[in-house]
Amino acid sequence: MIKVKNKKILRALAGKAYRGNLRQNLMMVVSIAMTAFLITVVFSLGVSYYKTVTERNLASEGIQYDVALPEPTDEQIRKTREFDGVKDAGLSVKCAVVDGKDNQDRIRLYWADEICWEKQCQPAYVRWEGTYPKNENEIMLSLQSLAELGIEQPECGMEIALTWGSLAAESDLRDCETVFRLTGWFEEYGNHNNGYIAKAFYEKTGVKQTDMTNGLLYISLENPLYSSAYIKKLGDQIGLTGNQVIYSDPYLLTKFIRLTAGLVFLTVMTLISGYLFVYNLFYISVSREIRNYGQFKTIGMTGSQMKTYLLWQIGWSVLLGAPSGLLLGSMTALGAVPHLLGVFSGESGKGQVVAFHPMLLLFAAIFTMLVVWSGCRQLLRKVAGLTPIEAVRFHESIRPRRQRRNTKEVGIFRMALWNVFRNRKRFVISAASLCMIVMVYLVVSVVLQQNSAKSVLNQQYRYDARILNSRLLDDPEYAGITEALAEQVGGVDGIKTVRRVYSQEVQYDYEDTYEIMRAYLEDVSELPMMSKDQMKENLDIWKNESWNEKNGSYQGKGRLVGINEAEFDVLNAQAGGRFDKAAFLRGEGAIAFGFLSNVSTKSLIGKTLRFQVYGQAEEESVTVKWSGDGVEEPNVLPNDVLPGMVVCEERFRQVVSVPIMELLDVEYEAAFDTAANQALTELLENHKDLRLSTKLDDYERMYENELRLRVIGSSLCAILAVLTFLNYGNMMAVSIQSRRRELAAMRSIGMTRRQQNAMMAAEGSIYAVIAGGISLAAGVPLSYVTAGAVNTYHTPYQLPALPNLLLFAVLFAFCSVIPVALYRFLHRGQLVELLKK
Amino acid sequence: MEILSVRNLKKYYGAGDTLVRALDGVDLSVEQGEFVAVVGSSGNGKSTLLHMLGGLDVPTSGSVCVAGHELSRLSENELAIFRRRKIGFVFQDYNLLPLLNVYENIVLPMQLDGKKPDREFVEELLKRLGLAEKQESLPNCLSGGQQQRVAIARALAAKPAILLADEPTGNLDSRTSQEVLGLLKATSECYSQTIVMITHNQEIAQLAGRIIRIEDGKVYE
């Protein structure tokens with residue numbers, strides 16, 4: 001066959017048609033731009049979320065690593081570095097502290113080996129200058145530390161006189177004065193008072209890498225999404241000793257999968273919305289022009305020529321729409337959302353919320369093309385395959401049904417109902433896009449509610465304020481919280497309840513206890529962070545001499561906890577009322593809590609455990625009556641691996657000769673009561689030995705994160721809502737225009753404008769009710785599943801009533817008002833003219 | 001009894017050189033039960049006159065009084081209500097509502113008025129117009145003649161003061177046209193229904209009791 005050169009003529013023809021139908025094509029350009037915009041924003045939000053989380057980790061740690069091993073030996077470091085999948089393992093040892101300005105804040109000095117400094121510290125800094133200290137009197141400090149020392153403009157080589165003390169347990173190096181030479185400084189994402197010194201200085205301090213809480217081996221992995229099994233294997237390989245555990249997040253992979261699922265959901269929803277919008281517009285355009293296509297076919301245009309003719313027009317819309325959408329999306333990602341956050345938080349230039357990368361633009365462009373192509377593909381094929389007669393006869397509003405039984409009354413509502421369903425495709429697209437936004441809003445509102453600072457804090461804290469006698473760990477006899485103080489706290493205005501928690505160290509005898517606890521201890525050894533060899537070693541020490549030389553403590557240590565009635569009620573509520581209150585308060589038994597709340601204590605029920613209370617010679621015993629599985633322990637000081645025993649206050653006083661209060665859990669009359677919080681803070685101002693943590697203080701810290709989530713979630717919903725409502729408005733406009741003559745005919749036979757307005761409003765309301773109903777039926781389970789998937793804080797599922805009622809009200813109002821407004825706008829002019837059209 | 005009276009009715013379009021006098025001082029009076037045909041060639045103002053009589057368009061000046069109601073004094077909404085109570089329309093292209101079946105199309109004006117349709121009368125109309133078997137059919141399943149008969153039934157169902165027919169046979173073949181016109185004439189006689197029919201066809205006009213000619217916006221008897 002001879003090739004016919006018809007590309008030019010097709011292009012010219014398409015150009016004329018494109019210019020002739022400018023309004024419709026402009027809508028297409030806008031729809032593509034909106035789709036590109038939305039994809040760009042969603043993608044950048046995803047990346048920004050990842051960046052925010054990463055930065056948050058860097059901010060809290062100041063170092064880049066995946067897992068860490070405390071107090072590592074040289075052998076363990078060697079084995080870790082040789083282990084498959086370990087990228088870098090750098091050692092850092094905290095060896096000295098420096099007094100800050102007015103002796104208020106202390107600067108911690110670390111020694112980092114070459115790997116730690118180069119591979120793990122440097123990438124975690126915003127910036128750094130200078131070199132790592134080489135000589136004993138050289139130092140490198142964080143900008144925060146320098147500011148603490150009153151140095152705002154640091155210069156390499158400057159001399160800084162510091163008073164420092166060694167962190168070695170038995171060192172005489174206290175209040176030493178040294179003039180250091182500053183070899184460099186660094187800026188961290190977080191604000192830490194720290195600095196680095198040379199190996200020579202570290203050796204001088206006498207601190208060892210195996211000293212408790214001083215040495216830490218930071219391990220960076222090839223695959224940061226490690227599993228618990230991998231960490232267990234690593235622990236077995238390097239041979240954990242004593243109480244050593246690898247610091248890791250056993251739920252990392254699950255959390256990652258959940259987060260990815262959430263982002264995929266949002267992306268899919270965005271792509272579907274874009275698809276519906278593009279499909280809708282192209283469908284309308286084709287429906288309008290189909291008779292012309294029939295004419296083209298009649299005069300000899302082939303199917304593939306018809307496709308080319310349409311593709312030219314789609315191509316021009318993409319060329320105009322996609323770059324504008326991508327540009328607008330980039331501008332929003334870089335400017336609008338961070339600005340919004342700045343406005344809401346009242347602090348301009350608040351950290352970058354939305355990250356951006358040029359590769360995102362490429363991905364967004366590709367996805368936009370895919371959405372446009374999938375939106376047009378089906379209709380292109382349909383138009384290409386249409387015969388001229390089919391095209392001429394095409395009438396979109398005729399329903400295929402031939403007859404319908406008489407209805408008793410043809411009311412306005414019934415006519416509206418028929419109109420809604422007269423073009424099923426149009427109905428499906430409009431309802432689907434409305435459902436989409438309602439479902440996204442439902443899901444986003446549930447996730448936001450679930451992650452709101454108040455929900456998270458209410459879930460995580462069973463108190464409004466906690467006063468902790470933290471010095472008990474070092475001094476088991478330290479009575480920081482007195483009965484008088486507890487009374488004083490209870491008397492503060494706005495405080496409803498004060499729950500007292502007593503605790504004391506106890507020592508279990510191996511012979512008496514091991515067999516009783518065998519099943520429990522076997523479960524402990526199965527924990528991912530535990531090593532079986534390590535467990536065996538600890539059990540041997542417990543069996544033979546109890547004193548663990550490596551830990552500097554006894555094995556077989558546990559804790560006896562005494563609680564008052566108010567605290568019991570909270571525990572029992574958490575346990576679903578399974579504890580017998582009367583029996584507990586009579587001191588008939590104990591509730592046993594497993595190690596890290598991860599090990600079941602059911603095997604101990606009915607068993608009597610004998611122990612010796614710290615500082616007391618005589619042996620005591622309690623019988624386990626209940627397991628504390630699934631309930632949060634009332635105390636916070638560690639129990640070692642043996643279970644914690646919780647008894648009533650009276651029983652505790654019988655067993656422990658000098659009862660010491662570990663903590664007070666305070667409940668306000670109204671949660672987050674600022675006045676009560678303030679009064680309590682003031683009361684404890686002179687008790688520096690006690691640690692006060694309040695829900696309200698944490699709320700203020702968490703509020704920024706909540707705000708970020710709210711701004712991001714609301715922006716996303718707003719963008720999707722604009723797209724959806726444009727889509728709906730467009731559909732309605734087309735529906736009204738295609739019925740213009742019919743509406744005029746109705747008026748000619750006596751339907752008033754008011755009745756037509758009512759019919760339009762009824763049509764919109766039907767859309768709203770159907771979309772609302774479907775969204776509610778599908779959206780609530782979807783929001784439940786999504787919220788469950790991203791529920792990091794285990795907050796209970798809660799559908800926020802007010803925002804969702806508001807959403808349905810807005811949906812209803814919008815869906816009802818838009819058709820009326822469009823009808824009034826499009827159906828202007830003399831009735832006679834409308835009848836002629 | 002005079003059911004329709006038109007006094008010095010004018011309808012001008014445009015201004016200056018482009019001024020078109022569609023109706024230029026029309027005076028007309030129609031008695032109860034008359035079947036009047038308005039004839040004239042295209043562009044002479046026939047349809048404009050009909051639209052003015054039905055309150056579908058607003059005159060430049062003059063008055064139209066139907067069944068004692070001066071149309072120029074009615075608001076848009078009042079006009080709509082007036083139309084569904086007092087005027088029946090039969091259009092050239094039927095203007096049936098595609099979503100409603102035959103029966104529903106016929107009773108719609110009454111239901112819009114909040115009235116219960118006179119079922120017996122509607123049944124009688126359907127029988128008389130040969131639509132008894134088609135009352136559950138949708139308009140797109142009917143022939144042109146059947147659709148026009150439905151339009152006539154709809155126009156008559158509310159027992160209007162006047163029935164206005166705009167080229168009712170314009171889209172029909174000659175045999176169907178005769179059939180439709182026969183029905184119009186028969187219903188006019190049977191129900192003493194006043195009918196004003198627009199046509200450009202002299203032959204069709206002969207079926208009416210009275211013929212009015214319209215030329216350059218003026219009427220001649």
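1. The crossing of helices α13(A) and α25(A) is right-handed, where right-handed means that the near helix is turned clockwise from the far one by less than a right angle, and left-handed that it is turned anticlockwise. Helices here are DSSP runs of H or I with at least four residues, numbered from the N terminus. This is a predicted model, in which local features need pLDDT of at least 70 and side-chain atom pairs count only at pLDDT 80 or more, while totals for chains, interfaces and linings use all residues. Residues are numbered from 1 along each chain as its sequence is written, and chains are lettered from A and ligands numbered from 1 in the order in which they are written.

2. Helix α13 (residues 424-451) of chain A packs against helix α25 (residues 801-826) of chain A at an angle of about 165 degrees, with their axes 10 Å apart; axes are lines fitted to C-alpha atoms over the stretch in contact, and angles run from 0 to 180 degrees between N-to-C directions. The pair is therefore roughly antiparallel, a term for angles over 145 degrees.

3. In α13(A), A:Val438, A:Tyr441, A:Leu442 and A:Ser445 meet A:Pro803, A:Asn804, A:Leu807 and A:Leu811 of α25(A), contact meaning that C-beta atoms, placed from the backbone, lie within 7 Å.

4. Helix α8(A) bends by about 55 degrees at A:Glu289, the bend being the angle between axes fitted to the seven residues ending there and the seven starting there. Just after α8(A), A:Gly300 takes a positive phi of about 110 degrees.

5. Between the chains, 31 residues of chain B are in contact with 31 residues of chain A, and α3(B) gives the most to the side of chain B that touches chain A, with 7 residues.

Methods
Helices (H or I, at least four residues) and strands (E, at least two) are DSSP runs, numbered from the N terminus. Angles under 35 degrees count as roughly parallel, over 145 as roughly antiparallel, 65 to 115 as roughly perpendicular and the rest as oblique. Two residues are in contact if their C-beta atoms, placed from the backbone, lie within 7 Å.
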